[in-house]
Amino acid sequence: MSKTKVFMVNTKEIEAGDSLIDRLEHLWGHEEVGLKDWIEKDEIIAIKSHFGSRNQTRHLRPMYIRKIVDLVRKSGGIPWVCEGVGLFWDERNKEATMSNGPGFVYLANQHGFNIGALNAPVIMDDGIVGTEVFRVHNEKGKYIKDVAMAMGLRIADKTLIVSRFKGHDGAGFGGALKQLGIGCVGNEGKGGAHWGGGQNIYVKNAANCTGCGKCIRICPTQALSFDENKKIVHDPDKCIACTMCFAKCHYGIPPQELKEKRIFAVRRQIPSIEQVERMMDNAAGVVKGIKSDGEDRLRYINIAIDITSHCDCMSAGGNLLVPDQGILYSIDPIAIDQACVDLVTKAPGLPESPAETGLDSPHGRIDPVPEAMEPDNLKFGLLSRFVDPDSRQIIAETQLAAAYAQGIGTREYDLIDITPKKKKN
Ligand code: SF4
Ligand code: SF4
């Protein structure tokens, strides 16, 4: 494959009249980039982003999305800001949660993603509980061949995926590819990537079931029922591994008691490398589902600002790993992520970043990684606390290689910095 162009505006020498928002507008309108002419009159443009988990303080600032909304309108399109329902992580708060549509829209509102601030509707792309999906067959999928992409992205005329580029606790890094492989699939796709699908879910201890029925009511696929003793029964053939039943049933049980009291469980923990490969199976299905016969309906903006080791779905922000890099754009999800990974690798680590201090987490301590503080040394993966320690060095590379194996882009790119030149007096 030939090299793909990745365009960039950087963050250097920012000043009034030449802010990052101005530079984003410059990128949009640049002749060689071709973004402004991509949109045709009255096309519905899905702007797929991430609104940040509860208490996440490094999520994308809404003003970037507002600018993109304005630019979509200026180009003749009709903008729609969207996101998909998340898995059960955020169940500690019942009202502002990623785990269901109303909760996520409410949470988005708290983070400044609402129609008032953005001048565009903010609506889930996969329904109230992440089950509104369009099925795409991906023959090349290593683990997932039946991809459940968010239906909304099928309906939109075009999709612009806007990601905060950062590290990721489970996948090494999160950018365009992870948006495709997790953010753009329904709960079935997310469950398939994280937990290996419904066949891997089981009832570990039916004797603990009190017969309250809460899990049966919330299960989106009617995979749960009672037996004659009013104890819970699980049907793996109907289950999509959304784990909503886990959240409902185990809510409020202290972590130290969970091992003994849990009713639902996962049969086999999916290794990190396999999880990432599953995500890329999904990513390829989503690309196919949106682009149909290769139509030009999908493009990517990575905002490499506030680059943390944590991802947007963590309920925490954290100190920055490296300095801000800029805003990148491409038609190729691999090339844009590869360019961002390379920029971050080249950058020096920031003082008091987790690379310098290490990370304490409920999943164990990660000691400082002083080598990641040096320019030209790997950053991503080394602090990914959900990744098996033996896989941390290779998890970022695995994501890129798995995406490449799926044929959704190229790792070869030309990085073209189009930051406006300063006028000399
Ligand atoms: S499995 Fe849990 S949530 Fe479901 S009925 Fe039994 S106790 Fe209630
Ligand atoms: S059984 Fe649980 S994990 Fe499976 S689909 Fe129902 S709620 Fe989701």
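Reply: Helices (H or I, at least four residues) and strands (E, at least two) are DSSP runs, numbered from the N terminus. The model is predicted, so local features need pLDDT of at least 70 and side-chain atom pairs count only at pLDDT 80 or more, while totals for chains, interfaces and linings use all residues. Residues are numbered from 1 along each chain as its sequence is written, and chains are lettered from A and ligands numbered from 1 in the order in which they are written.

Me: Which helices each supply at least two residues of the shell around ligand 1?

Reply: They are helix H8 (214-218) and helix H9 (244-250). A residue is near a molecule if its C-beta atom, placed from the backbone, lies within 6 Å of it. Among the residues around ligand 1 are Lys 214, Cys 215, Lys 248 and Cys 249.

Me: What makes the classes of the shell around ligand 1?

Reply: Ala, Val, Leu, Ile, Met, Phe, Trp, Tyr, Cys and Pro count as nonpolar, Asp, Glu, Lys and Arg as charged, and the others, Gly among them, as polar. The shell around ligand 1 accordingly has 6 nonpolar, 3 polar and 2 charged residues. The shell around ligand 2 divides into 11 nonpolar, 4 polar and no charged residues. Cys 219, Ala 223, Cys 239, Cys 242 and Cys 245 are the closest of the 15 residues that surround ligand 2.

Me: Why is Pro 351 called exposed?

Reply: A residue is exposed if 12 or fewer other C-beta atoms, placed from the backbone, lie within 10 Å of its own, buried if there are 20 or more, and partly exposed in between. Pro 351 has 11 other C-beta atoms within 10 Å, and is therefore exposed. Pro 351 lies in the loop between H12 and helix H13 (354-357).

Me: Which residues of helix H14 are buried?

Reply: In helix H14 (residues 395-405), the buried residues are Ile 395, Ala 396, Thr 398, Gln 399, Leu 400, Ala 402 and Ala 403. Their packing partners are strand S9 (172-174), helix H6 (176-183), helix H11 (272-291) and helix H12 (333-346), where contact requires C-beta atoms, placed from the backbone, within 7 Å.

Me: Which residues make the contact of H1 with H2?

Reply: The axes of helix H1 (residues 20-29) and helix H2 (residues 62-74) come within 10 Å and cross at roughly 35 degrees. Axes are lines fitted to C-alpha atoms, for helices over the stretch in contact, and angles run from 0 to 180 degrees between N-to-C directions. Ile 21, Leu 24, Glu 25 and Trp 28 of H1 meet Met 63, Tyr 64, Lys 67 and Leu 71 of H2.

Notes. Two residues are in contact if their C-beta atoms, placed from the backbone, lie within 7 Å.
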